[in-house]
Amino acid sequence: MRDAIRLDVYFKDDKALFLIPLYQRKYSWQQKHCQRLFSDLVKVHEQNMHSHFFGSIVSVKASQTENDLLIIDGQQRITTISILILAAINAVSNGDMCCRDLEFVKDTREKYLMAKYRRHVESKIKLRPIDEDMKAYESLFKNDEEEMKPFKGSMILNNYHFFYNLIKVQGHQMSFEDLIEAIERLIVI
């Protein structure tokens with residue numbers, strides 16, 4: 001596949017922000033889409049698949065001075081993966097998912113969810129959904145149900161809880177490391 005890269009390579013710039021333009025629709029993946037993604041990741045893990053095609057992402061550089069990417073197409077995929085990773089990190093933190101290396105959890109958070117070396121920004125959260133979705137997404141970082149309550153009904157929050165529950169069921173059969181390894185085998189163009 002021409003121009004195909006692993007998802008972890010796409011996320012690797014630890015200064016870049018992923019900006020979802022205001023004209024994009026709200027996050028809208030349904031649970032059936034999340035279930036399919038999670039099932040695919042379990043399959044990648046169980047069958048030790050080398051790679052799995054995840055779809056396309058179209059982005060352009062957002063400015064001349066920063067490496068920020070304006071996500072033209074694929075924001076649903078990027079948002080969903082970010083929600084899944086955040087659910088897994090919080091599941092480890094809450095004791096609902098096995099993890100052999102807590103340092104790996106921290107590294108994963110920084111690699112996929114944070115622009116840790118970005119300067120002059122109010123928040124170092126890498127993904128920047130449209131305003132309404134951003135508030136729900138930010139609430140997930142606190143790992144506190146009270147902080148999430150105002151966003152009940154948000155698809156971001158609904159899918160976070162859906163993934164969290166799937167992780168709780170699978171959490172002792174597939175470790176955090178196994179899940180991230182499966183995610184890293186996803187290929188995008």
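## N90 and its surroundings

The side chain of N90 reaches 3.1 Å to the backbone oxygen of L140. This is a predicted model, and the distance is computed from it. N90 belongs to helix α3, which covers residues 75–93. Its relative accessible area is 5%, so N90 is buried: the cut-off for buried is under 20%.

Which residues does N90 contact, leaving aside neighbours within four places in sequence? They are L140, N143, Y160 and Y164. D144 is 54 residues from N90 in sequence. In space, the C-alpha atoms of N90 and D144 are 9.6 Å apart.

## Aromatic pairs

A pair of aromatic rings is described by the distance of the centres and the angle of the planes. The whole structure holds eight aromatic pairs. One of them joins Y10 and F11, with ring centres 6.4 Å apart. Their planes stand at 75°, so this pair is edge-to-face; the cut-off for that class is over 60 degrees. Y10 counts as buried because its relative accessibility is 14%. F11 is buried too, at 1%.

F162 and F163 form a tilted pair. Their centres are 6.4 Å apart, with 55° between the planes. Both F162 and F163 are buried.

## Ring cluster and a lysine

Ring pairs link four residues into a cluster: Y10, F11, F18 and Y112. What lies over the face of F18? K126 does, at 5.5 Å from the ring centre.

Note on methods:
Residues are numbered from 1 along each chain as its sequence is written. This is a predicted model: local features need pLDDT of at least 70, side-chain atom pairs count only at pLDDT 80 or more; totals for chains, interfaces and linings use all residues. Side-chain values use heavy atoms; hydrogens and water are left out. Rings of Phe, Tyr and Trp (its six-membered ring) pair if their centres lie within 6.5 Å; planes under 30 degrees apart count as stacked, over 60 as edge-to-face and the rest as tilted. Buried means under 20% relative accessible area, exposed over 50%, partly exposed in between (1.4 Å probe, protein chains only). A charge sits over a ring if NZ of Lys or CZ of Arg is within 6 Å of the ring centre and within 35 degrees of the ring normal. Helices (H or I, at least four residues) and strands (E, at least two) are DSSP runs, numbered from the N terminus. Contact means heavy atoms within 4.5 Å. A polar contact is a pair of N or O atoms within 3.5 Å; within protein, one must be able to donate a hydrogen and the other to accept it, and residues adjacent in sequence count only if both atoms are side-chain atoms.
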